[in-house]
Amino acid sequence: MCSRLEKKKAVEALLADDRYLHLDIVHVLENEDCSLLHLSRDGVVVRHACGTVFAASFSSDTGPVAAAVPPDTGLLDVHDEGLFRLFSEKGYEFEEPCYLFSYHGGTRDEGPYSFRTFTKEDLPVYAACYGHGSGDEEELRDDIARGDVVGILDEGELMGFAGFHKEGSMGMLEVFPGFRRRRIGTYLLSHLINLRLERGQVPFCNVYLSNEASIRLQRSLGMHRASGLSYWMWK
């Protein structure tokens with residue numbers, strides 16, 4: 001574990017290196033149960049209580065930062081191409097880079113609809129849309145148990161949902177057929193943005209470079225795109 005002062009120093013170092021790219025790590029340090037594994041002029045390594053590790057390198061020498069990543073790490077988010085190449089050589093798998101979008105404006109219009117937090121009774125519809133065919137519903141149950149999945153309704157009829165991943169990013173956006181092209185996704189993410197703003201937190205999300213529809217949506221919401229890239233890796 002680490003002290004509050006050490007976490008504050010890590011946050012300051014991350015923001016000094018890149019004001020926008022490291023906001024996901026900043027969120028974890030400021031709002032989540034986590035461990036600071038490394039802090040130096042070379043970079044920062046943080047482990048979320050769920051086991052996900054975040055690593056940012058501030059220099060071309062990625063060795064000290066890479067050495068601080070526990071060898072049993074299953075899910076890893078690195079903010080540096082050098083770290084990405086190094087962990088690729090170590091056998092970590094990878095899909096494609098992500099843009100990190102963050103919101104720095106005021107409260108957003110949530111539209112004419114109502115919202116409700118998902119309960120365990122909503123697990124079947126959540127799993128059907130967001131289960132990735134894995135058959136393992138434990139993580140999905142945890143999302144609902146945390147109160148991090150929100151549905152949008154029109155006169156009681158569920159039109160879609162979105163939520164927060166356990167590391168704090170917005171995501172899981174699903175608008176059901178028949179309700180698309182009605183700005184439902186915009187209102188859902190606006191609601192999530194407002195929830196974060198109410199807590200004094202910066203709303204953010206990760207978007208694959210190839211997901212043009214989501215990139216357009218983030219821009220329409222006034223989200224700021226970091227200039228650098230993040231790489232989600234796993235083994």
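The model is predicted, so local features are described only where pLDDT is at least 70. Keep the structure in view and find each element as you read.

**A three-stranded sheet**

- Start with an open sheet of three strands, which run in the order β11-β6-β12 with antiparallel pairing.
- The edge positions belong to β11 (204-208) and β12 (224-225); each has a single partner strand, so one side of each is left without a neighbour in the sheet.
- Strand β6 covers residues 98-102, and two bridges join it to β12 in the antiparallel sense.
- To find one of these pairings on screen, look for Ser102, whose bridge partner in β12 is His224.
- Helix α2 (residues 23-31) packs on this sheet and touches β6 and β11. The direction of α2 makes about 140° with that of β11.
- Helix α8 (residues 212-220) also packs on the sheet, touching β6, β11 and β12. Its direction makes about 150° with that of β11.

**Helices α1 and α2**

- Two packed helices are described by the angle between their axes and the distance between the axes.
- For helix α1 (residues 4-17) and α2, the angle is about 170° and the axes are 10 Å apart. An angle over 145 degrees counts as roughly antiparallel, and therefore α1 is roughly antiparallel to α2.
- The two helices cross in a left-handed way.
- On the α1 side, the residues that meet α2 are Lys7, Ala10, Val11, Leu14 and Leu15. Their counterparts in α2 are Leu23, Ile25, Val26, Leu29 and Glu30.
- Sorted by class, this contact has eight nonpolar residues, two charged residues and no polar ones.

**Helices α5 and α6**

- Helix α5 (residues 123-130) packs against helix α6 (residues 138-145) at an angle of about 125°, with the axes 10 Å apart. That angle makes α5 oblique to α6.
- The crossing of α5 and α6 is right-handed.
- Leu123, Tyr126, Ala127 and Tyr130 of α5 make the contact with Leu140, Arg141, Asp143 and Ile144 of α6.
- The contact of α5 with α6 divides into six nonpolar residues, two charged and no polar.

**Two residues with positive phi**

- Glu155 is not a glycine, yet it has a positive phi of about 50°. You will find Glu155 in the loop between β8 (149-154) and β9 (157-164).
- Is Glu155 buried or exposed? Glu155 counts as exposed because its relative accessibility is 82%, and the cut-off for exposed is over 50%.
- Met172 is another residue other than glycine with a positive phi, near 55°. Met172 lies in strand β10 (residues 170-175).
- Met172 has a relative accessible area of 3%, so it is buried; the limit for buried is under 20%.

**Ala56 and its surroundings**

- Ala56 sits in strand β3 (residues 53-57). With 0% relative accessibility, Ala56 counts as buried.
- Which residues is Ala56 in contact with, leaving aside its neighbours within four places in sequence? They are Leu14, His22, Ile25, Asp42, Gly43, Val44, Val65, His79 and Leu83.
- Ala56 and Val78 are 22 residues apart along the chain, and their C-alpha atoms are separated by 5.9 Å.

How values were computed
Residues are numbered from 1 along each chain as its sequence is written. This is a predicted model: local features need pLDDT of at least 70, side-chain atom pairs count only at pLDDT 80 or more; totals for chains, interfaces and linings use all residues. Side-chain values use heavy atoms; hydrogens and water are left out. Two strands pair if DSSP finds at least two bridges between them. Helices (H or I, at least four residues) and strands (E, at least two) are DSSP runs, numbered from the N terminus. Contact means heavy atoms within 4.5 Å. Axes are lines fitted to C-alpha atoms, for helices over the stretch in contact, and angles run from 0 to 180 degrees between N-to-C directions. Angles under 35 degrees count as roughly parallel, over 145 as roughly antiparallel, 65 to 115 as roughly perpendicular and the rest as oblique. A crossing is left-handed if the near helix is turned anticlockwise from the far one by less than a right angle, and right-handed if clockwise. Ala, Val, Leu, Ile, Met, Phe, Trp, Tyr, Cys and Pro count as nonpolar, Asp, Glu, Lys and Arg as charged, and the others, Gly among them, as polar. Buried means under 20% relative accessible area, exposed over 50%, partly exposed in between (1.4 Å probe, protein chains only).
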